[in-house]
Amino acid sequence: MVGMSPLFRRGGAAKTPKTPEARVVTLIGKPGCHLCDDAEEVVAKVCGELGVVWEKKDITRDEALHKEYWEQIPVVLVDGEQHTFWRVDEGRLRRELAG
């Protein structure tokens, strides 16, 4: 008997868990933003401890990012998906990246 394709099983295809080293965190902010500075400290700490690659993007240099996020900065994306905005909870970010 041939097994059913994972695409047709309840819940769709199973997600492959990512290791912290395979994750990417993006911090979107702007210069002179104290919340952005606070968020950068948390992101740098958590990513450094877990070995996660992270990058910082400036909304003043990217019109598309500015249009999408200007009211929410700082914004943290994990693997391109919005994780949080305004304040970064260290424990929540750590759980997202480790799990």
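## Exercises on loops and salt bridges

Trp86 sits in the loop that joins S4 to helix H3 (90-98). Keep in mind as you work that this is a predicted model. Have the structure open and try each task before reading on.

### Exercise 1: Trp86 and its backbone

Task: Find out what phi Trp86 has, and whether Trp86 is buried, partly exposed or exposed.

Solution. Start with the backbone: phi of Trp86 is near 65°, a positive value in a residue that is not glycine. Next, take the side of accessibility. The relative accessibility of Trp86 is 45%. Buried requires under 20% and exposed requires over 50%, so Trp86 counts as partly exposed.

### Exercise 2: Another positive phi

Task: Locate Asp79, then describe its phi and its accessibility.

Solution. First the place: Asp79 belongs to the loop between S3 and strand S4 (81-85). Then the angle: although Asp79 is not a glycine, its phi is positive, at about 55°.

### Exercise 3: Around a cis peptide bond

Task: Examine the peptide bond from Ile73 to Pro74, and work out where Ile73 lies and which residues it touches.

Solution. 

1. Look at omega. For the bond from Ile73 to Pro74 it is near -5°, and the bond is cis.
2. Check the accessibility of Ile73. The value is 11%; with the limit for buried at under 20%, Ile73 counts as buried.
3. List the contacts, leaving out residues up to four places away in sequence. Ile73 touches Ile28, Gly29, Lys30, Cys33, Cys36, Ile59 and Trp86.
4. Ile73 and Phe85 are twelve residues apart in sequence, and their C-alpha atoms are 6.1 Å apart in space.

### Exercise 4: A salt bridge across the chain

Task: Which parts of the chain does the pair of Glu96 and Arg23 tie together?

Solution. Begin with the total: the structure holds eight salt bridges. One of them joins the side chains of Glu96 and Arg23, with N to O at 3.4 Å. Glu96 is in helix H3 and Arg23 is in the segment before strand S1 (24-29), so this pair ties together parts that are 73 residues apart in sequence. Now compare the two ends. Glu96 is partly exposed at a relative accessible area of 34%, whereas Arg23 is buried at 9%.

### Exercise 5: A network

Task: Which residues are linked with Glu90 in a network of salt bridges?

Solution. 

1. Take Lys45 and Glu90. They form a salt bridge whose closest N and O atoms are 3.2 Å apart. This pair links distant parts of the chain, with Lys45 in helix H1 (residues 34-50) and Glu90 in helix H3, 45 residues apart.
2. Take Arg94 and Glu90. Their side chains meet in a salt bridge of 2.9 Å, N to O. The two are four residues apart in helix H3, so about one helical turn separates them.
3. Check the surroundings. Lys45 is partly exposed at 41% relative accessibility, Glu90 is partly exposed at 27%, and Arg94 is partly exposed at 24%.
4. The network of salt bridges links Lys45, Glu49, Glu90 and Arg94.

Notes. Residues are numbered from 1 along each chain as its sequence is written. This is a predicted model: local features need pLDDT of at least 70, side-chain atom pairs count only at pLDDT 80 or more; totals for chains, interfaces and linings use all residues. Side-chain values use heavy atoms; hydrogens and water are left out. Buried means under 20% relative accessible area, exposed over 50%, partly exposed in between (1.4 Å probe, protein chains only). Contact means heavy atoms within 4.5 Å. A salt bridge is a side-chain nitrogen of Lys or Arg within 4 Å of a carboxyl oxygen of Asp or Glu.
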